[in-house]
Amino acid sequence: MLLLPMLFAIGIAGGVLIGKYFFTDRLDTRGQKLHALLEMIDEQYVDEVDMDSLLEELYPKLLALLDPHSAYIPASELQAVTEDLAGSFSGVGVSFQILNDTVNVIEVVAGGPAEKVGLLAGDRILRADSVDLTGAGATNEMVFKNLRGKKGTSVSLLIERSSSKTPISFDVVRGDVPVNSVDASYLLNDSVGYVKVSKFARTTYDEFHSALVDMRLNGAKSFVIDLRGNSGGYMEQSILMAQEFLPKGRMIVYTKGKMPEFQSIAVTEESGQFLNFPIVVLMDEYSASASEIFAGAIQDNDRGLVIGRRSFGKGLVQNQTILPDSSGVRLTIARYFTPSGRSIQKEYKSGATTDYDLDISNRFAHGEFYSRDSIRLDESKIFHTGSGRKVYGGGGIMPDIFVPEDTLGFTSYYLQVLNQGLIQKYAYKVAQSYREVLRNAKSIAQFKKVLPRDNTLLEGFVEYAVANGVPARWYYIRKSRNLILGQLKAIIARDVLGYPAFVEMLNENDATVREALRALEAGESPILILPPEEEFEEAAKAKSQVPQRK
């Protein structure tokens, strides 16, 4: 299929067998040494030592000496870590937010167990079975622990609802709950479709493709693909997504690793369904891994524009292995390279993760979020796209069009109410008051008509902030007016209509989205239309570029 294994001489196979027995002897020696050391500690150390706890402390530190992304996952955390990318988990099917030490239901998953028994957005969960979920018990960990569980098991939820004078009890049978990776898809205008992908999970390509088809049927002739904040996930999902926009025979990505099975190349086997649609990819400093594979393929093939800020810079591939005790190891087994041959992995030193972890903070301090000229590009790692455009390796995907972080409206007043969570709390209060009316809105336009007028909403918020210890400083409030109102409306939309409405409302004042629309309307994003014979030549060329092992 898409991932074609590297071809090696038959003689290599003999080398693998020889190496196997050679390294087995070495591992036996090392194993004996480690066993002897642990036995010595267990038997002779002056104090009693919990050897299991000692080893659990050792494993992550050992892997951290390799690179920043190899990791040990304890058995207690593996299920939760894996579920996030699996496409579904077993639970009751609600999204929640903890406000004022109370678990507030933000969204009830359509078709999920909670919806089937009658839970509603706006409900407050007081108790799960005998576990109190208010006050000190209202933590994310406690909620997850009590709402998620084995499929078919039941949990009794005590709910507080504004329309009921007394709490209501619901018995919910846990079931499969889908984990969506496409957060929102809609038309920005009559001809431009927008899709936000938050992660690359097992179901991402199917969700993505369905969103594109729906928007095309509704008139979309170009697309904005938002990967901001997307830290990655399954590599093959980004490959499948990229194929939809590329002609037959184009390289998407290739990997190099120590073992032959970890060396591969992804080449499109046929032209994508959306080959003739101009596209723009949105990136920021938190777009990583599979997001960078997608953006790199689009950029290096001169297929579309990348707009935003320099991406994270993760070009290492991890393989997850489950150990006998149900813990897991994510081990870096390869590096990936974009079609032009660049690695976008930023620099790191084995075992020294402090600078690596502080990279985003250092970029901020250096001014990179606000000025393209502040970005430190490595002139020794220059590559070229198919049309000859200059691109850089060694530290993320550099956008074709830079958009600085939007700080318009940031004042000391705004930061104070934001940091105290007052915007979220007041928005939830308004959502509760208007929920029955707002819930009937069939579009964002209708939703905005039902909302209180801007002045009323802002004045109500300022009064609420005063009641919570933040004085009204109108000079700064007026400067932050549009920012505060925009966030209030977006959060109210989320609380009443769901997360897609939240994204749509925020995008109305998003500078990067505006720049994407401008670029598409100006015809700056390229499309590729190749005749059949040229497609064949492209395929032959890509296959000849399979990197050789050295």
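Me: Which residue forms a salt bridge with Lys448?
Reply: This is a predicted model. A salt bridge needs a side-chain nitrogen of Lys or Arg within 4 Å of a carboxyl oxygen of Asp or Glu. For Lys448 the closest N and O atoms of the pair are 3.0 Å apart, and the partner is Glu508.

Me: How many residues apart in sequence are the parts that Lys448 and Glu508 tie together?
Reply: Lys448 lies in helix α13 (residues 444-450), while Glu508 lies in the loop between α17 (499-507) and α18 (511-521). The pair therefore ties together parts whose separation in sequence is 60 residues.

Me: Is Glu508 buried, partly exposed or exposed?
Reply: Buried means under 20% relative accessible area and exposed means over 50%. Lys448 has 35% relative accessibility, so Lys448 counts as partly exposed. Glu508 has 40% relative accessibility, so Glu508 counts as partly exposed.

Me: Which strands hold Lys196 and Asp226?
Reply: Lys196 and Asp226 form a salt bridge, with the closest N and O atoms 3.9 Å apart. The two residues are 30 apart in sequence, so the pair ties together separate parts: Lys196 is in β12 (residues 192-197) and Asp226 is in β13 (residues 222-226).

Me: Are Lys196 and Asp226 buried or exposed?
Reply: The cut-off for buried is under 20% relative accessible area. Both Lys196 and Asp226 are classed as buried.

Me: What is the relative accessible area of Tyr205?
Reply: Tyr205 sits in helix α6 (residues 204-217). Its contacts, leaving out residues up to four places away in sequence, are Gln237, Leu240, Met241 and Glu244. Tyr205 is buried, and its relative accessible area is 17%.

Me: How many of the nine residues of helix α7 are buried?
Reply: Helix α7 covers residues 235-243 and is mostly covered. Its buried residues are Met235, Gln237, Ser238, Ile239, Met241, Ala242 and Gln243.

Me: How far apart in space are Tyr205 and Glu236, C-alpha to C-alpha?
Reply: In sequence, Tyr205 and Glu236 are 31 residues apart. In space, their C-alpha to C-alpha distance is 9.0 Å.

Me: Which residues does His209 touch, not counting residues up to four places away in sequence?
Reply: His209 is another residue of helix α6. At 18% relative accessibility, His209 counts as buried. With those neighbours in sequence left out, His209 touches Glu244, Gln273 and Phe274.

Me: Which helix gives the most to the nonpolar patch?
Reply: The patch is made of Leu34, Leu37, Met40, Leu58, Leu62 and Leu65, which together have about 560 Å² of accessible area. Both α1 and α2 supply at least two residues each. The helix that gives the most, with three residues, is α1.

Me: Is Leu65 buried or exposed?
Reply: Leu65 is found in the loop between α2 and β2 (71-73). Exposed means over 50% relative accessible area. Leu65 has 52% relative accessibility, so Leu65 counts as exposed.

Me: Where does Asp47 lie?
Reply: Asp47 belongs to a negative surface patch with Glu39, Asp42, Glu43 and Glu48. At 46% relative accessibility, Asp47 counts as partly exposed. Its place is the loop between α1 (11-44) and α2 (51-64).

Me: What is the phi of Asp302?
Reply: Most residues other than glycine have a negative phi. Asp302 lies in the loop between α8 (290-300) and β17 (305-308), and Asp302 is buried at 12% relative accessible area. Asp302 is not a glycine, yet its phi is positive, at about 50°.

Me: What is the phi of Ser326?
Reply: Ser326 is found in the loop between β18 (316-322) and β19 (328-337). Ser326 is partly exposed, with a relative accessible area of 43%. Although Ser326 is not a glycine, its phi is positive, at about 75°.

Methods
Residues numbered from 1 in each chain as written. Predicted model: local features only at pLDDT ≥ 70, side-chain atom pairs only at ≥ 80, totals over all residues. Heavy atoms only, no water. Patch = residues over 30% accessible without salt bridge, like charges linked within 9 Å, V, L, I, M, F, W, Y side chains within 5 Å. Areas by Shrake-Rupley, 256 points an atom, 1.4 Å probe, with all protein chains shown as cover. Lys, Arg positive; Asp, Glu negative; His and termini not counted. Charge placed at Lys NZ, Arg CZ, Asp CG, Glu CD. Helix = DSSP H or I, 4+ residues; strand = E, 2+ residues; numbered from the N terminus. Buried < 20%, exposed > 50% of the residue type's maximum accessible area, 1.4 Å probe, protein only. Contact = heavy atoms within 4.5 Å.
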